[in-house]
Amino acid sequence: MAVVDSGERDAVLHAVSSAVLAVTRHLSAREVLQVIVRSASRLLDARYAALGVPDDQGAFAQFVAEGISDEQWEAIGPTPRQHGMLGAMLREGSPVRLPDLRRDPRFEWWPKAHPVLKDFLGVPILDGDQVLGIIFLANKRSPGGFTAADEELLTLFAAHAAIALINARLYERSRELTVIEERTRMARELHDAVTQKLFSLRLTARAAAALLASDPARAARELDQVQRLAGEALAELRTVIVELRPAELDRHGLVETLRKHVALLDRLHPVELSFALEGEPPGELPPAAEVAVLRVAQEALHNALRHAESCVITVTLTQAGSRLTLEIADDGKGFDLVDAESRGLGLASMRDRAESACGSLDITPNPQGGTAVRLVVPI
């Protein structure tokens with residue numbers, strides 16, 4: 001392999017710096033980390049490279065790698081745990097440079113399908129004294145193994161990764177604060193608008209009760225007022241609920257939030273639940289569309305689990321052009337749509353959600369059993 005000259009090295013390092021700064025433009029931190037790993041592998045002539053950010057359960061919240069195909073990943077299995085050399089580096093927080101990883105006492109094992117790693121270079125990703133993660137290379141293509149100069153350069157890449165992770169955390173925290181501020185604003189609106197309506201409704205109902213025996217006609221007029229106030233209060237509540245944006249959308253995005261929600265329900269219920277994303281992953285979505293899709297999915301899944309007596313429930317999200325389609329289908333006993341409307345199975349709420357996002361909702365009971373809920377929203 002040709003040696004990377006200094007000009008090319010400077011160009012790649014500039015590209016890495018640009019990728020790190022891209023986090024401030026709301027790009028994916030994972031994509032930035034992938035650029036860092038790929039660039040480190042290229043500049044240091046390593047066949048394998050990886051970067052891991054630990055979680056609190058003994059595994060890795062993020063783990064990106066270079067040099068391993070999707071088929072190899074599938075054969076290897078789940079991402080690594082915090083054991084062996086990876087765990088030691090997280091605990092010790094110091095660089096490791098070895099001619100043969102397998103001969104180090106901190107090495108334990110790897111899965112059968114895992115590639116054999118020999119010469120090894122790893123450095124911690126630090127924020128002061130805190131270890132945010134680790135970045136490591138293995139199997140240098142050129143002879144002689146990794147050098148002190150390689151360790152110095154990988155430390156620079158680790159510093160870039162630290163900036164990316166810190167910026168991503170700051171951005172996530174700022175979004176959380178924005179969500180808190182928005183929820184506080186909506187709580188004030190709820191108090192000011194709905195509480196006032198409910199107070200008026202209560203007084204009017206009391207007046208109607210007092211007049212019922214002495215002046216039935218006037219009591220009837222008061223009851224009409226009660227009905228009007230109740231309708232206005234319900235409309236105010238629906239407006240607030242439709243606007244309320246779930247915090248998990250800001251943390252994970254729509255696709256991952258749906259995936260996590262379906263996976264959780266699959267663990268909690270005997271029914272087989274699955275999620276599939278078809279077509280290209282959606283990019284940045286209108287907030288109203290994200291909220292509508294998530295809330296309709298949650299309501300439809302609740303109905304299917306509680307009433308359908310189904311064995312299998314599938315959730316499918318598809319982007320095609322300027323439309324995003326959500327479909328929840330079950331193989332249960334089906335239902336009568338008119339009867340379901342009268343029983344209040346959340347169908348009005350789902351239609352309100354669709355309308356709030358300028359979308360459409362179709363509910364198709366299958367005479368042979370099963371129901372499909374289909375939401376289409378423009379994006």
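What you see is a predicted model. I start with the open sheet, which has five strands in the order β2-β1-β5-β4-β3, and the pairing is antiparallel. At the edges are β2, residues 60-66, and β3, residues 96-98, each of which pairs on one side only. From one strand to the next, the twist averages 10°. As a reminder, strands of a sheet pair through backbone hydrogen bonds, in parallel or antiparallel fashion.

Which residue of β4 is the bridge partner of L98? That is F120.

Now the helices. Helix α2, residues 29-43, lies across β1 (46-54), β2 and β5 (130-140). Its direction is at about 40° to β2. Helix α4, residues 84-92, lies across β1, β2, β3, β4 and β5, and runs at about 140° to β5.

Last, the second largest pocket. Its volume is about 490 Å³. How many residues line this pocket, and which lie nearest its centre? The lining has 27 residues, and those nearest the centre are P80, L86, W110, P111 and H114. Two or more lining residues come from each of β1, β2, α3 (70-76) and α4. By class, 20 of the lining residues are nonpolar, four are polar and three are charged.

Notes. Residues are numbered from 1 along each chain as its sequence is written. This is a predicted model: local features need pLDDT of at least 70, side-chain atom pairs count only at pLDDT 80 or more; totals for chains, interfaces and linings use all residues. Side-chain values use heavy atoms; hydrogens and water are left out. Two strands pair if DSSP finds at least two bridges between them. Helices (H or I, at least four residues) and strands (E, at least two) are DSSP runs, numbered from the N terminus. Axes are lines fitted to C-alpha atoms, for helices over the stretch in contact, and angles run from 0 to 180 degrees between N-to-C directions. Contact means heavy atoms within 4.5 Å. On a 1 Å grid over the protein atoms alone, a cavity is a set of points where a 1.4 Å probe fits but cannot get out, and a pocket is an open set with protein on both sides within 12 Å along at least five of seven lines; lining residues have an atom within 4 Å of a point. Grid points are joined across faces, edges and corners, and a volume is the space filled by probe spheres set on the points. Ala, Val, Leu, Ile, Met, Phe, Trp, Tyr, Cys and Pro count as nonpolar, Asp, Glu, Lys and Arg as charged, and the others, Gly among them, as polar.
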